[in-house]
Amino acid sequence: MPIKKVLLAAPRGFCAGVDRAITIVEDCLEIFGKPVYVKHQIVHNKHVVADLGQKGAITVEDISEIPDGATVVFSAHGSPPEHYALARTKKLNLIDATCPLVTKVHLEVHRYHKLGYAIVYIGHRGHVEAMGVISELPERIEFVEDLADVENLQIDSGNKIVCLSQTTLSVAETSTIVARLKEKFPGIEFPPGEDICYATTNRQEAVRQMAAECDILLVVGSKNSSNSNRLRETAIAAGTISYLIDDLTDIQPEWLEHAAVVGISAGASAPEHLVLEITRFFEQGGAQVEEKNYVKETMTFPEPKNLSEAKRRIGKK
């Protein structure tokens with residue numbers, strides 16, 4: 001069956017935190033020269049990492065691999081306190097690209113701990129963002145990944161309790177966990193602003209609404225991208241077949257055999273040019289492309305202060 005229509009979800013692709021992090025690495029390469037070291041993938045997308053690598057960015061997982069005094073960018077996902085301490089010991093020129101919405105959760109950990117709260121954190125075990133948050137106070141945070149973890153929680157009912165979460169979780173799945181936490185701990189509190197970030201929420205809602213109009217929904221994003229995986233799960237939960245693809249080459253012909261309408265979205269770390277390559281592929285086969293706008297995003301984040309100061313020193317705006 002030929003593809004008749006392609007629906008593009010909007011918003012999709014880069015969020016403000018990802019855009020900021022990539023720009024930080026590019027600015028560092030221009031200001032400080034190459035190589036610039038990046039601790040962990042700057043964002044979870046293999047195409048972005050490869051592109052920055054060609055420009056002179058070297059991605060490492062261990063700070064000990066970085067020469068003393070070199071320039072290093074910490075990834076958008078957040079980092080444990082000990083990594084900052086080691087960077088100071090090695091006299092690294094550290095530029096922190098942690099997404100401000102992730103930093104918010106790190107700060108909440110300490111704020112609520114000082115106020116005497118027991119802290120419950122919802123996240124995915126092994127994800128670098130979650131590991132960074134937990135490492136702030138590893139003995140004081142109760143980690144929850146699913147409903148079974150909620151049932152196993154042992155917190156004195158007389159304690160003040162607050163619930164924090166990873167920024168890239170499934171909104172629907174997290175709401176189920178939150179509902180059970182409220183049943184088990186009626187007095188549990190939540191930060192004034194949601195921890196799940198605006199971009200994650202917006203992209204999931206766009207996919208949820210668009211899924212009903214598609215025979216198949218493709219999500220552009222790398223396999224290690226939490227928010228991209230959540231988009232695929234959102235489409236499947238809405239009753240639509242969905243696949244996570246890094247780029248055009250991942251599309252399998254058999255996926256399209258019984259599809260007339262294909263939906264496309266992209267995770268917050270997926271470049272727009274990958275989406276455009278896929279839409280051109282379908283257009284060449286005669287499909288019409290329609291963009292479905294659900295939410296307009298205007299969020300921006302300031303660059304790190306020490307990077308702004310470095311720019312001023314060399315007269316760069």
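1. Rings of Phe, Tyr and Trp (its six-membered ring) pair if their centres lie within 6.5 Å. In this predicted model, five aromatic pairs are found.

2. One of these pairs is formed by Y243 and W255: the ring centres are 3.8 Å apart and the planes stand at 5°, so the pair is stacked. The two residues belong to distant parts of the chain, 12 residues apart. Y243 lies in strand β10 (residues 241-245), while W255 is in the loop between β10 and β11 (261-266). With a relative accessibility of 26%, Y243 counts as partly exposed.

3. Four strands make up an open sheet, in the order β3-β2-β4-β5 and with parallel pairing. Because β3 (57-60) and β5 (93-96) are at the edges with a single partner strand each, one side of each has no neighbour in the sheet. On average, and ignoring direction, neighbouring strands of this sheet are turned by 30° against each other.

4. Strand β4 (residues 71-74) runs parallel to β5 and is joined to β5 by four bridges. Here V72 is placed opposite L94 of β5.

5. Helix α1 (residues 16-32) packs on the sheet and touches β2 (36-39), β3, β4 and β5. The direction of α1 makes about 155° with that of β5.

6. Two charged side chains sit over aromatic rings. K39 lies over the face of F74, at 4.8 Å from the ring centre. R111 has its charged end over the ring of Y112, 4.5 Å from the centre of that ring.

How values were computed
Residues are numbered from 1 along each chain as its sequence is written. This is a predicted model: local features need pLDDT of at least 70, side-chain atom pairs count only at pLDDT 80 or more; totals for chains, interfaces and linings use all residues. Side-chain values use heavy atoms; hydrogens and water are left out. Two strands pair if DSSP finds at least two bridges between them. Axes are lines fitted to C-alpha atoms, for helices over the stretch in contact, and angles run from 0 to 180 degrees between N-to-C directions. Contact means heavy atoms within 4.5 Å. Rings of Phe, Tyr and Trp (its six-membered ring) pair if their centres lie within 6.5 Å; planes under 30 degrees apart count as stacked, over 60 as edge-to-face and the rest as tilted. Buried means under 20% relative accessible area, exposed over 50%, partly exposed in between (1.4 Å probe, protein chains only). A charge sits over a ring if NZ of Lys or CZ of Arg is within 6 Å of the ring centre and within 35 degrees of the ring normal.
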